[in-house]
Amino acid sequence: MTGEALHRALGLTDDEYALVEGVLEREPNHLELAMFAVMWSEHCSYKSSRLHLRRLPTSAPQVLVGPGENAGVIDAGDGVAIALRIESHNHPSAIEPYQGAATGVGGILRDVFTMGARPLAVMDPLFFGPPDDARARWLVEGVVAGISGYGNSVGVPTIGGELTFDEGYAQNPLVNVLCVGALPRERLVLGRASGVGNLAVLLGSRTGRDGIGGVSVLASAGFAGADGATSLDEEKRPSVQVGDPYEEKRLIEACLALLDEGLVVGIQDLGGAGLTCAASETAARGGVGMDVDVTAVPLREPGMAPWEVMTSESQERMLAIVRPEDLAAVEALCARWEVRSAVVGRVTAPVPDVAGRPVGMLRVRQGFDGPVLAEAPAAALADEAPLYDRPRARPGDLDARLSDDPADEPAGDVAAEVLAALVDPAWAYRQYDSQLFLNTVVGPGRDAALLRLAGPGLPSSERGFALTTDSNPRWCAIDPRAGTALTLVEGIANLACVGATPSAVVNCLNFGNPEHPEVMWQLSEAVDGLAEACRATGLPVIGGNVSLYNESGGRDIDPTPVLGVLGLVERLVAPPPGWTWREGDTVVLVGPREARPDPFPLAGSLFARRRGRRGGRLPAFDDRALATCRFVAGEVARVCAGGASPVAAVHDVSAGGLAAALAEMAAASGVGLAWASPRGHAELFTEAPGRFVVATRDPAGLTGAAEAAGVEASVLGVAGGGRLTLGELCDLAVGGLAERRASALPAALGL
Amino acid sequence: MEYAVRVDVTLKRGIADPEGATIERALPALGYAGVHSVRTGKAFALVVEADSEAGAREVAGSLATRLLSNPVIEDAAVTVVGVG
Amino acid sequence: MSRVGVVVFPGSNCEHDVVSALTALGGRAELVWHAETDLSAYDAVVLPGGFAHGDYLRPGALARFSPVMGAVAALAEAGRPVLGICNGFQVLTEAGLLPGALQKNRGLTFLCQPTTLVVASTRSVLTRGAAVGQELVVPINHFAGSYVCDDATYRALVERDQVVLRYKDNPNGSRGDIAGIANEAGNVVGLMPHPERALTALLGSADGRVLLEGFLAAADDAAAARPLVTAP
């Protein structure tokens with residue numbers, strides 16, 4: 001194979017190859033080319049999206065570490081910092097669902113404990129094709145089992161996520177994973193090398209041929225096959241890695257102990273692009289160079305070539321920067337946890353370039369004093385991938401879609417519509433340990449998860465934190481800018497249900513092929529929508545991930561930005577109100593009864609989607625909704641602090657609209673409700689976010705408090721009896737509703 | 001001498017085998033009408049250094065009972081499959 | 001006050017939770033590394049939940065050969081309280097300190113959910129503070145929690161009052177709805193549910209308290225029964 005053909009096979013374009021030549025001022029050799037190919041891949045370099053991501057607001061007083069490090073970190077008070085990170089493992093999960101999902105969990109845990117934080121919880125937003133298809137079922141069962149198998153065993157609770165079924169994900173499922181960790185504020189560590197002469201110590205698993213080229217081959221190209229299912233999968237299978245949660249568990253304990261004892265000066269996980277990435281990023285961040293002895297890396301199989309060693313994505317490995325005098329202590333501590341350790345590199349002084357500027361060089365050598373096999377500026381590998389301003393184009397059919405509003409859809413069988421919206425994801429989350437560490441006050445399956453801010457080694461605190469992941473591809477397919485902004489409101493509303501005030505946002509941008517101008521337009525619009533919503537709410541984006549090339553057979557997925565929103569609760573000594581109302585409670589809609597500009601928009605709703613309608617006008621981003629969220633969060637926070645509030649039950653209005661929210665609460669309570677006068681089916685099914693169903697035993701107190709806060713409150717009726725009656729539109733027996741909701745998912749999966 | 005040994009561990013008769021039962025339930029839909037009595041287990045491949053085949057069998061048998069199987073619910077069968 | 005050792009195998013993950021639960025109840029509990037061979041300083045020992053040695057081979061199969069297990073057996077023999085929770089129960093059966101074995105759940109999936117337990121016997125260090133027939137809501141969290149044993153063993157367990165806790169609504173296919181058993185003397189107990197996860201209404205249930213309080217009281221009794229040793 002000629003050099004030119006080789007770079008293309010590795011995923012570099014001709015122009016990129018020329019850039020590499022320019023950086024090195026010579027022709028790269030095979031090893032150097034392989035290293036540039038993985039580091040400049042879309043997955044590692046964000047070369048198509050970085051230009052846009054710069055528009056996101058990232059600073060706020062609570063931010064300790066913003067985007068660009070392994071995880072974002074905020075100050076949570078009481079001497080505790082919280083680290084947050086979100087990632088995608090879409091492509092590996094599409095071809096090997098168990099291992100794809102499992103290694104996704106493993107990877108994100110390493111990102112979090114790299115910051116010095118103990119991982120406290122994981123959430124998994126999942127998107128699949130309709131479950132009536134054998135392949136979709138195989139994917140769902142495999143992904144859920146993979147999360148369960150790895151997460152439970154590694155000892156980090158999985159506290160929630162999302163489970164979405166839609167035609168658009170049939171060949172390209174999305175498996176995102178979010179991890180939150182906590183650390184004593186002063187222990188914060190950054191993934192950088194420093195101190196010339198310090199050692200780079202590789203911890204954990206041996207290096208094998210698994211996952212070679214994963215980032216450039218698998219995560220940075222679509223499934224091009226017409227059916228996407230079989231032939232290409234076979235070809236790509238070798239790029240999938242196998243996870244070992246037991247190795248990871250020992251690695252977590254060993255690394256946290258190393259950090260506790262101050263034995264490392266910097267630490268970095270090995271993820272995509274393996275050792276090349278860890279070595280070049282730590283060196284580049286520290287402004288130093290590094291020599292890596294490729295023969296010192298413990299191998300799983302004989303005969304591996306240097307380029308294989310340098311780009312392998314074998315799991316459960318970390319690179320620690322250690323002072324030579326601490327090496328013996330590091331080795332002893334690792335031995336106690338049965339974690340393998342090997343010195344594979346040395347930090348070197350930067351050398352002046354032709355202009356006299358210091359440049360840290362990453363050199364791969366055969367023996368520390370042996371021949372140099374590859375040599376390149378660390379920063380060129382880590383930070384200097386080309387930035388692409390790819391062409392963007394507003395979709396040609398956009399105007400037609402925006403004017404195709406589903407307001408004209410007849411009501412149809414409203415009761416059937418309500419039942420269709422009742423799906424309890426318990427079949428999935430029951431497979432996850434959601435309670436480890438004794439922190440989980442509200443676990444999976446509710447509006448947001450709520451946890452005590454406590455863990456081994458943390459200063460004691462009465463605070464709590466809440467997490468939610470939200471997405472709405474139905475909204476974003478119509479208008480990615482407005483849809484993404486509304487998604488943030490939905491996240492804030494979910495947090496309000498458990499009394500939390502939002503503090504920081506992470507995003508996982510799942511989009512199609514960036515070489516399609518419509519996809520780049522969607523991405524750019526979504527970023528602007530998120531930026532606008534963050535500015536309006538004062539929230540910083542502290543990290544994110546971009547997953548592109550989510551396509552199969554030439555069809556891109558609907559834009560699916562997933563937002564993780566972290567909230568804080570000042571004092572958490574009592575559980576927040578749940579979904580359960582009692583006989584005699586007054587049921588109140590808190591928040592704007594009518595949205596703007598249209599009062600009851602159905603665009604992007606589940607109701608419209610089930611009728612194949614993919615257009616219309618979305619509700620506007622609404623300050624009244626944000627004020628409602630603040631009011632509800634404040635009332636619920638009082639309950640969490642052990643005080644009194646008129647709020648006895650609360651649930652926010654989201655997918656399925658007010659009708660679904662009421663039905664879920666009736667099912668949870670076993671008590672019905674008669675709402676005499678809904679203004680038509682559109683009011684029942686509109687999904688404008690930032691509205692809440694609240695049950696109260698003190699209606700005057702609730703409406704008075706709402707009025708004082710400038711928030712609308714409309715009494716719907718009084719809970720009681722055995723039927724859910726919504727005007728003339730719907731009359732359902734409450735008995736059996738809970739069982740029906742519980743069995744919907746297993747039934748759909750044919751279990 | 002080195003002997004290649006295989007140890008098959010299966011659930012004892014009478015112990016519920018939910019995995020086997022699940023596989024068996026799936027068979028008719030795949031067109032395997034005449035297959036039944038599916039039992040699951042684990043197979044281990046070992047190389048044992050010993051003076052004789054009988055010696056290798058004895059070492060593997062002891063290992064199979066002490067570690068590889070749980071005699072409360074499982075049976076272990078040792079087969080010497082080859083030399084070196 | 002008694003000292004309780006909580007054994008940490010590589011792969012254990014509920015050890016901190018057990019220590020914090022026992023401490024919250026006024027007990028004194030410390031982590032003990034699995035390489036330890038002497039537990040004579042402890043009045044009682046807990047094998048916590050998790051995935052000791054990755055649960056590779058079978059849950060508990062490798063842990064039973066950990067150096068600490070000889071000392072656990074000696075403690076059990078001496079009549080001091082030994083409690084295995086979830087993975088710890090699996091280890092105790094593999095080690096032969098309790099009869100029977102734990103198999104994969106009937107539904108072949110991991111299950112993390114609240115369960116209602118019915119106290120079947122109070123003749124154990126775990127249930128001594130409860131009442132027969134008392135219902136307790138305590139979560140389970142396991143893949144291999146279905147208790148199995150042969151007919152003779154089952155009859156013996158029932159006749160000797162060794163079944164201490166049963167599920168009200170069997171989640172995993174356990175024989176006789178068994179959630180927890182004791183040895184004949186009642187000082188060694190294994191159960192699949194996690195009492196340390198049911199210590200406060202804030203986390204959903206406080207019904208685990210009566211179990212762990214009973215265990216701590218038994219540990220105190222064991223401490224009181226010890227020959228007095230004068231410090232050198």
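Which residues are buried in helix 24 of chain A? The first legend below gives the list. This is a predicted model: local features need pLDDT of at least 70, side-chain atom pairs count only at pLDDT 80 or more, and totals for chains, interfaces and linings use all residues. Residues are numbered from 1 along each chain as its sequence is written, while chains are lettered from A and ligands numbered from 1 in the order in which they are written.

**View 1. Helix 24 of chain A and its buried residues.** Helices (H or I, at least four residues) and strands (E, at least two) are DSSP runs, numbered from the N terminus. Helix 24 covers residues 657-669 of chain A, 13 residues in total. From first C-alpha to last, helix 24 reaches 19 Å, close to the 18 Å expected at 1.5 Å a residue; the expected span is 1.5 Å times one less than the number of residues. Buried here are A:Gly657, A:Leu658, A:Ala659, A:Ala660, A:Ala661, A:Leu662, A:Ala663, A:Glu664, A:Met665, A:Ala666, A:Ala667 and A:Ser669. A residue is buried if 20 or more other C-beta atoms lie within 10 Å of its own, exposed if 12 or fewer, and partly exposed in between, with C-beta atoms placed from the backbone. Because 12 of the 13 residues are buried, helix 24 of chain A is largely enclosed by the rest of the structure. Just after the helix, A:Gly670 takes a positive phi of about 70 degrees.

**View 2. A four-stranded open sheet in chain A.** The strand order is 25-27-24-28, with antiparallel pairing. Strands pair if DSSP finds at least two bridges between them. Strand 25 (647-652) and strand 28 (713-718) of chain A are the edges, each pairing on one side only. The twist averages 25 degrees from one strand to the next. Five bridges join strand 25 to the antiparallel strand 27 (residues 692-696) of chain A. One bridge partner is A:Thr696 in strand 27, facing A:Val647.

**View 3. Two helices against the sheet of chain A.** Helix 23 (residues 623-640) lies across strand 24 (586-590), strand 25 and strand 27 of chain A. Helix 23 runs at about 135 degrees to strand 25 of chain A. Helix 24 of chain A also packs on the sheet, touching strand 24, strand 25 and strand 27. Its direction makes about 135 degrees with that of strand 25. Axes are lines fitted to C-alpha atoms, for helices over the stretch in contact, and angles run from 0 to 180 degrees between N-to-C directions.

View 4. A cis peptide bond joins A:Arg596 and A:Pro597, with omega about 0 degrees. A:Glu316 has a positive phi near 55 degrees. This residue is buried, with 29 other C-beta atoms within 10 Å. C:Asp177 has a positive phi of about 60 degrees although it is not a glycine. C:Asp177 is partly exposed, with 19 other C-beta atoms within 10 Å.

**View 5. The contact between chains A and C.** Two residues are in contact if their C-beta atoms, placed from the backbone, lie within 7 Å. Chain A gives 24 residues and chain C gives 22 residues. Helix 8 (134-154), helix 11 (245-260) and strand 16 (440-442) of chain A each give two or more residues to this side. Chain A and chain B do not touch; their nearest C-alpha atoms are 11 Å apart.
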